[in-house]
Amino acid sequence: LLKPGELPFHFQPSVPAEWESILLDPYAPETNVTAELVVASSYNSNGCKPHEPGAVVGRIVLIARGSCNFQDKAHLVESAGGVGLLIYDDEDWTTLRMMGLYDPASPP
């Protein structure tokens with residue numbers, strides 16, 4: 001977990017993303033979401049099951065991609081009180097199939 005005042009770090013192996021330097025918008029701070037980062041529990045690392053009560057409240061959840069739609073992952077984090085999610089890809093080959101919304105009437 002990142003505690004207030006700590007600097008972000010990279011899990012190994014990792015390559016810094018080009019967008020990291022512009023992650024927070026100094027011109028529209030009201031649009032920034034800042035919160036502690038928590039790793040999803042080991043039994044739910046892909047975020048496709050309900051999260052443990054209280055484990056993600058007010059936090060951004062780090063979740064592995066796969067097994068369910070991104071929309072499901074977002075709804076599960078939101079329903080558990082989380083404020084955001086960060087989905088990482090640990091596969092050599094990536095498809096965009098699960099990134100789409102299966103229900104446009106219910107966006108996260």
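Asn 44 touches Lys 49, Pro 50 and His 51, leaving out residues up to four places away in sequence. This contact set comes from a predicted model. Asn 44 sits in the loop between β1 and β2, and with a relative accessibility of 0% it counts as buried.

Cys 48 and Cys 68 are joined with their sulfur atoms 2.1 Å apart. Cys 48 lies in the loop between β1 (37-39) and β2 (60-64), while Cys 68 lies in the loop between β2 and α1 (70-79), so the bond ties together parts that are 20 residues apart in sequence. A disulfide is a covalent bond between the sulfur atoms of two cysteines. The count for the structure is 1 disulfide. The torsion about the S-S bond is about -90°, so this disulfide is left-handed.

Ser 67 has a positive phi of about 75° although it is not a glycine. Most residues other than glycine have a negative phi. With a relative accessible area of 60%, Ser 67 is exposed.

Next comes the helix. Asn 69 caps the N-terminal end of α1, with a side-chain oxygen 2.9 Å from the backbone nitrogen of Gln 71. Gln 71 is also one of the buried residues of α1, and the others are Lys 73, Ala 74, Leu 76 and Val 77. What covers these buried residues includes β2 and β3 (84-88). Just after α1, Gly 81 takes a positive phi of about 95°.

Which residues make up the largest nonpolar core? It has 7 residues: Val 38, Ala 40, Val 56, Val 61, Ile 63, Val 77 and Ala 80. In soluble globular proteins, nonpolar side chains tend to be buried together.

Val 38 belongs to strand β1 and is buried, with a relative accessible area of 12%. Val 38 and Arg 59 are 21 residues apart in sequence, yet their C-alpha atoms are 6.5 Å apart in space.

Arg 59 also takes part in a salt bridge: its side chain meets that of Glu 36 at 3.9 Å, N to O. The pair links distant parts of the chain, with Glu 36 in the segment before β1 and Arg 59 in the loop between β1 and β2, 23 residues apart. Side chains of opposite charge can pair when their charged atoms come close. The structure holds 1 salt bridge. Both partners are partly exposed, Glu 36 at 26% relative accessibility and Arg 59 with a relative accessible area of 21%.

Definitions and conventions:
Residues numbered from 1 in each chain as written. Predicted model: local features only at pLDDT ≥ 70, side-chain atom pairs only at ≥ 80, totals over all residues. Heavy atoms only, no water. Disulfide = S-S within 2.5 Å. Helix = DSSP H or I, 4+ residues; strand = E, 2+ residues; numbered from the N terminus. Buried < 20%, exposed > 50% of the residue type's maximum accessible area, 1.4 Å probe, protein only. Contact = heavy atoms within 4.5 Å. Core = buried A, V, L, I, M, F, W, Y, C linked by side-chain atoms within 4.5 Å. Polar contact = N/O pair within 3.5 Å; in protein donor to acceptor, adjacent residues only side chain to side chain. Salt bridge = Lys/Arg side-chain N within 4 Å of Asp/Glu carboxyl O.
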